[in-house]
Structure formats: C-alpha cells, structure tokens
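Hi,

Here is the structure I promised to pass on.

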Amino acid sequence: MADNVILNIYDLVSDQQNQSSTDEPRQLSGFSRMFVGLLEPLGLGMYHTSVDVGGFRYQFGSTLGITRTSSPIGGGDSAESRRYVPGNGQYRESIILGQTFCNQKEVNSIIQHLRESHFGGDNYHLAHRNCNHFSETFATALILGNELVEGGDNTNVRLEKFPKWVNRLAKTTSSGMSRDSEMACDVIA
C-alpha cells in the first residue's frame, strides 16, 4: 500500500514571536515584516521543513540530527509534531510530494543511511546541509528510490513537486562561499 510523502513548511520568524499558549497564529513583528518584505520580492525566505510518511514526521536539526515524532494525518501542525520545530517556526503549509511504497523497515533503513552518510547532528550547516536539504533528500529517496543509482551521479534527480523557493536563500548565500568538500551536500549523495 502506498503512503503519501508530505512536506511541511514553516516560516522562520523573529525569535520574539514565539507561539502563544493559546496556539493562535503569530503576527510578524515590525522587523520581521520588514525583513520578509525585503526577501519576498527577491524570491527568498527563511523556512524550516519536515517530511511526513507512514504516520511519522522526520526532520533534521543542528543538535539532534534526524528526529522522528508522530504526525497528524495528512500533514499540518500539532503540539506533538512541533516538538522539534524551531521555536520561531510558524506553520505555513503542507504539500503532498508523491507516494512511496516503502514499508516502515525500509523507511528506517533510509533514515539510518542518511544519519551515517550526511545528516548527523554535527554535520548541520545553515547553507550547505540544513533541514531543507534533508527534507528534499529524504523525500527523493522515498519517492524515486528505485531510480537512484548507489554511488552514482544523482545530482540531476529532483522531485518536480518540491518547491524550489524553500531553500533558495541558503543556495543563494552559499554560492558565494567557498565550499569544503566534506560539508558540501548535493541533494542525493
């Protein structure tokens, strides 16, 4: 049976805009509105992403690496699923990227491979290896796994439905930086 692979997107806003205890949507502060106002016309923004599959939400962060929580049916936001979302993350939307026929054992195997190869907590880099890189890599492995070549050149393999704007800021800022080959992260490695 196929499971939907769902991308959850959170806007990263000013730290001062933490979620209220009533779970009401947060309003952007003046500074955040100005910053977002400058970035949006350029097609840039700051986002956190996670992937839902098989009733679990997977995400990547700088301290813990890849984490897993239960997820609401069909994506979205809940108290449990927000456990590892940065405190300044404001839920934006969920997008169905495709479907996978991987069972839980195969999903666990993919996660283990990603932990060992590129996505341990100590490998986090804001521009070269962040949550958005993880979400795209993981979703691609789930949906197109049979099309990927082990140890081959998979740099042109992309999910059509994965929004390019999600990681555009990191890719734009990293294009001017020197990349250490150990830290550089192609989507599929």
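From the N terminus on, the elements run β-α-β-β-β-β-α-α-α, which makes four helices and five strands in the protein chain. Helices (H or I, at least four residues) and strands (E, at least two) are DSSP runs, numbered from the N terminus. Before you go further: this is a predicted model, where local features need pLDDT of at least 70 and side-chain atom pairs count only at pLDDT 80 or more, while totals for chains, interfaces and linings use all residues. Residues are numbered from 1 along each chain as its sequence is written, and side-chain values use heavy atoms, with hydrogens and water left out.

Some overall figures. Of the 189 residues of the protein chain, 45% count as buried (buried is under 20% relative accessible area, exposed over 50%, partly exposed in between, with a 1.4 Å probe and protein chains only). Looking at contacts (heavy atoms within 4.5 Å) with a separation of 6 or more, 72% are between residues 24 or more positions apart.

Now the strands. Two of them pair if DSSP finds at least two bridges between them. β1 pairs with β5 in the antiparallel sense over 10 bridges, and Y10 stands opposite Y91 in β5. β1 also pairs with β2, again antiparallel, over six bridges; there, I9 has T49 in β2 as its bridge partner. β1 is mostly covered, with seven of its 10 residues buried. Further along, β3 and β4 run antiparallel and are joined by six bridges. These two strands form a hairpin with three residues between them, and G61 has G65 in β4 as its bridge partner.

Two strand residues are worth a click. Q90 sits in β5 and counts as buried because its relative accessibility is 17%. Its C-alpha atom is 8.6 Å from that of I9, although Q90 and I9 are 81 residues apart along the chain. T67, for its part, lies in β4 and is buried too, at a relative accessible area of 9%. Leaving aside neighbours within four places in sequence, T67 is in contact with R57, Y58, Q59 and Y84.

On to the inside. Which residues of the largest nonpolar core touch the most other members? They are L97, F134, F138 and L142, out of 27 residues in that core. (A nonpolar core here is a set of buried Ala, Val, Leu, Ile, Met, Phe, Trp, Tyr and Cys residues joined through side-chain atoms within 4.5 Å.) The elements that give two or more residues to this core are β1 (3-12), β2 (47-53), β3 (56-61), β5 (89-100), α2 (104-117) and α3 (131-144). α3 gives the most, with seven residues. In soluble globular proteins, nonpolar side chains tend to be buried together. If you zoom in on L97, you'll find that this residue touches V5, L7, A139, I143, L159, K161 and F162, not counting residues up to four places away in sequence.

I111 is another one to find, in helix α2. This residue is buried, since its relative accessible area is 4%. Beyond neighbours within four places in sequence, I111 is in contact with Y58, I66, F134 and F138. Its C-alpha atom lies 9.9 Å from that of R68, which is 43 residues away along the chain.

Then there's G120, in the loop between α2 and α3. Is G120 buried or exposed? Buried, because its relative accessible area is 15%. Outside the four places on either side in sequence, G120 is in contact with F60, G65 and R115. G120 and T63 are 57 residues apart in sequence, and 8.7 Å apart in space from C-alpha to C-alpha.

Last, the largest pocket. This pocket is lined by 27 residues, and L12, Y124, L126, N130 and C131 lie nearest its centre. By class, the lining has 15 nonpolar, 12 polar and no charged residues (Ala, Val, Leu, Ile, Met, Phe, Trp, Tyr, Cys and Pro count as nonpolar, Asp, Glu, Lys and Arg as charged, and the others, Gly among them, as polar). For the pocket itself, the work is done on a 1 Å grid over the protein atoms alone: a pocket is an open set of points where a 1.4 Å probe fits, with protein on both sides within 12 Å along at least five of seven lines, and lining residues have an atom within 4 Å of a point. β2, β3, β4 (65-70), α3 and α4 (168-174) each supply at least two residues of the lining.

Cheers
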